Amino acid sequence: FVDYQGHMMGAYMERDLRAEIFAHLQTQSFTFFYGHKVGQLMTRVTNDTNNISELYQHGPEDILITGIKFLGTFIILININIPLTLIVFSCMPPMVAYAVHFNAKMRIALRDARDRIGDVNAQVEDALGGIRVVASFTNAAFEEKKFAVENDRFLESRRAGYKSEALLSGGIVSFTHLFTIVVMTFGGYYILNGPLAIADLVTFLLYMGLLVDPIKTGRNFARLYQSGITGFDRVLEILDTQPDIVDHQGSQPLRISGGKIQFESVSFKYDSSHQAVFNQLDLTISPGEFVALVGPSGVGKTTLCSLIPRFYQVDSGRILIDDQDTSNLQLESLRSQIAVVQQDVYLFDGTVA
């Protein structure tokens, strides 16, 4: 029941979270995708949500079982011999401090590894998406070198992660052996001085074996938690990024009467560090008029057309359609009434039907 229903609970959560991320990405403007690689976004939608799902499913289970075993062992042992129990459990704080230290290191390493695998995916997506260009210019060797750089960076990030995980795991195992040494040392002392019977010492040693199990479970949870929380942080970065082009309160649907388009003192730049593409642009296109924008590549012809359906937000000025300010119009209504013929046609995967 736990294996099936628990995993399905995590899978349902993963599905819902992945759907939420995908829907949120659909609301972003072109400016957002200008600064984010598709491969990185793919990693957050797939790998990160899967790691969060594993934490959802196994985390509560591990905490509950570990807590019950740990508390139960403590109650039984303290009823056998209070001083020896307190001595054994006094070794816990150093172990916890050790675990916290290397958990922090592991989290940093895991975050770096996720970023690097995102870069690998981005490189693959870039190379395979432009495979015709790569083949046309016999550039396969160059693309392989670029991929090798990202692949090696990922390897180094994994190396740091595995090192932190090994130090954490090995240290915890050492602490569990320390418990046995403490029990043998102080137990022998108490036997010689009378307050502890040999049978009680044997019981202590048996329960040390039982205590090791929840500690190992806790160690596994620490790894699972760091993996899941790293993915959660990366997912939240996307969900917390609010779209910069949204419907304002009171936005109205577009009502076409003739089709006149006006640019009134429009200024626009892609980023604050870039030069302005337009500065105080004024343009009027009358209904039925055909306008050709002529100029070399990169002067802003496509950008000007993209401003009309608000694929980008103007920095100043306004654009009107039949005297209606596009910033006050509902996005779906505005874009559904503007036809766009793409210069770089994208074919979606699927049949003609």
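Is Gln 280 buried, partly exposed or exposed? Gln 280 is partly exposed, at a relative accessible area of 46%, where buried means under 20%, exposed over 50% and partly exposed in between, with a 1.4 Å probe and protein chains only.

Before I go on, this is a predicted model, in which local features need pLDDT of at least 70 and side-chain atom pairs count only at pLDDT 80 or more, while totals for chains, interfaces and linings use all residues. Residues are numbered from 1 along each chain as its sequence is written, and side-chain values use heavy atoms, with hydrogens and water left out.

Gln 280 sits in strand 2, residues 278-285, and has a positive phi of about 55 degrees although it is not a glycine; strands here are DSSP runs (E, at least two residues) and helices likewise (H or I, at least four), numbered from the N terminus. Asp 323, also not a glycine, has a positive phi of about 65 degrees, lies in the loop between strand 3 (316-321) and strand 4 (324-325), and counts as exposed at 53% relative accessibility.

Turning to the helices, helix 7 covers residues 140-192, and its 53 residues should span 78 Å at 1.5 Å a residue, which agrees with the 77 Å between its end C-alpha atoms; the expected span is 1.5 Å times one less than the number of residues. Just after helix 7 comes Gly 194, with a positive phi of about 95 degrees.
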